[in-house]
Every structure is written in C-alpha cells, then in structure tokens.
Amino acid sequence: MPIDSCQVVPGFELPPIQKTLKLQNMIAFSRWAHDYDTGESVHCFPEVARRKGFPRAIAQGLMSHGYLSELIAVHFGEQVFAGSRVQAKFIKPTLEGDTLTATGVVDRVEPIAGGKRVYLSVACKTQRGELVTVGQAEVTLPQAP
Amino acid sequence: MGLRVRWKDWEDVTITDWEDAGDFEVSREFNEAICAALKDDSPWYRAGSSPEGTLVHPGALAQAALVLMVDEQYGMEEKPDQATLHAQQDSIIYRPLRVGEKLRVRSRVADKYERRGKKWVVYEAHFATPQGEPVYFYRQVRMLRDDSERGVGRTRPVSR
C-alpha cells in the first residue's frame, strides 16, 4: 500500500483504532499460558483477578502492544514487517470491558539508505481518558519508485 | 519445545548468558487464534493471502515468546499475595515471518533489580532462521508486585 508523503511528516496523526476488551478475547489471547491451565490467570478468571486486588480480569499488556502493531501496520502496510520496532510501557492495568483507543503521531523522519525511517509516539487510552500504554514505534519505508 | 521448566522465587532468579531455547515455529492455528483474539482482520494474516505464505501477527510472536520464556524456561513463582505484571515490552521485527517457518531461539535473563520498592526481571529472546538470519527480537520487563491485595494502582515498599 503506497503511503502519501504528507502522511509521513512530523505531527501527522495516524487514524486511531478502537478495541473493546471482552473477556472472551482476553481468554483467547491468554489461554496458551501456564497460569490458564492452573486456573490462576488474572487475564482469564475474574475471581483470580479480584483475589489479587483488581476489580475485574486484566488484559495482558501484549494485547495493547498488539493494537499498537495493528495501528502502524494498517497505516503503513505490509512493509512494517521488515525493520519495525514497537516499544511500550504498560503504565496502568487495562480491565475487562475497557475500550482502548490506540493512537500514533509521527515525531520525526530520517533518510536512510534506500528509504526513510519514521519515528512515532504511540499510546493507548481507555474510554475514561486514562493513558494505559505509552511508547515509541519505528518503521522503515522504502524509497518510492 | 522440550524446555526445562525452572520455577523460581524472584530471589533465586539469576542473570544468565544467552542460552539455546530450542526450535520454534508459529502454527496456523495459533496465528489465527491470536488474530481473532485481537480482532485484527488485516488481509496479510489470512491463509492463502500470499504465495510466499501467511504472515505471522506480531502479537502471536510476542505471545509465543512470552509463553516460551516465562512459562517454559524461566518461570518466576508467584505467591498467593503476589502478582507478576508485564511492565514494558520491546519488539523488533527484522523481516517478515511466515506461518510454519522454522526458527532457532536464544534467550536469557538479561537483568534483575529492585527499584521503587518493587522487584523486576528483564527477559530477552532472539529468533533467527537456522542459517542465522535475525527475524525477531523480544525484550520484556516483568515486575513482581507484593501488594496486589491492596488494589489497582496502590503501592507500598516491599516488606520482606
């Protein structure tokens, strides 16, 4: 998918994506882990999460990370699978039922051999406006033909 | 993957050199399950989307790495009044990975430390082809919280 050059300038905001954390999706994402098998997953079992001090099941941070990956892949296309980086800090737990909005803004663009490197600030916010995940992403875009 | 499980208390976790963590591949079933869980219907993850093969979702790679390292290789014991929380994640995709491709994994416990009254462990893994071409790097910072019964966002110094 070709990217318009106006979309890779500092300050450009990627179209955000929204996801609601449903328990069934949290289970589908986290059921591969050992603590699912033992019934001790805070991501899959609300009663375990409550026992550990959370009001509801909490989503894995990697779900937010996955949304940020989707955000940049949807915008920049398949080329993000060659030389991309997503760094994230999970600063607050995300709870079952939360709706997350993943956002990204281009910070800077640097020329590199054969193309350009795009640096972005990325984040996820809840429907309450709380920042829950913050980070940076980097994407390499090949030179336009 | 034939790895040894080494469940340990945080105190017993040791920083390691890079270790062979075995062979690895993302199956079609796992990739599709992760895409469905994330509600990501991007075309490049669909079977048959490319003659080169179906792309692996970054979330599938990261989740597989987490299960591999935290569950199967360097398990950290969580007591009933503790919660281990994923605090930071760094993922680098060097080149596209296709479903079913064989990779070799090397991993390590890169660091452990106490900061702001909490205990932390840093895990890293490198995924490469059998010929040594880098495909994926995974770095996870995990926090062991002793005061989980006190609720979301509440903290106090570790008292052990």
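**Chains A and B: hairpin and interface**

Student: In the hairpin formed by strand 4 and strand 5 of chain B, which residue in the turn has a positive phi?

Tutor: This is a predicted model, in which local features need pLDDT of at least 70, side-chain atom pairs count only at pLDDT 80 or more, and totals for chains, interfaces and linings use all residues. Residues are numbered from 1 along each chain as its sequence is written, chains are lettered from A in the order in which they are written, and side-chain values use heavy atoms, with hydrogens and water left out. Strands are DSSP runs of E of at least two residues, and helices are runs of H or I of at least four, numbered from the N terminus. Five residues lie between the two strands of the hairpin, and the one with a positive phi, of about 100 degrees, is B:Gly132.

Student: How many bridges pair strand 4 of chain B with strand 5 of chain B?

Tutor: Two strands pair if DSSP finds at least two bridges between them. In this pairing B:Val121 stands opposite B:Arg142 of strand 5. Strand 4 (residues 118-128) and strand 5 of chain B are antiparallel, and the number of bridges is 10.

Student: Which residue of strand 5 of chain B is the bridge partner of B:Gln88?

Tutor: Strand 2 and strand 5 of chain B run antiparallel and are joined by 10 bridges. The partner of B:Gln88 in strand 5 is B:Val141.

Student: Why is strand 5 of chain B described as largely enclosed by the rest of the structure?

Tutor: A residue is buried at under 20% relative accessible area, exposed at over 50% and partly exposed in between (1.4 Å probe, protein chains only). Strand 5 of chain B is largely enclosed because its buried residues number 10 of the 12.

Student: Which element of chain B gives the largest share of the side that touches chain A?

Tutor: Contact means heavy atoms within 4.5 Å, and it takes 46 residues from chain B and 38 residues from chain A. Strand 2 of chain A (residues 84-90) runs antiparallel to strand 2 of chain B, with six bridges joining them. With 10 residues, the largest share on the chain B side comes from strand 2.

Student: Which residue of chain A forms a salt bridge with B:Asp90?

Tutor: A salt bridge places a side-chain nitrogen of Lys or Arg within 4 Å of a carboxyl oxygen of Asp or Glu. The rule finds one across the interface of chain B and chain A. The closest N and O atoms are 2.5 Å apart, and the partner of B:Asp90 is A:Arg85.
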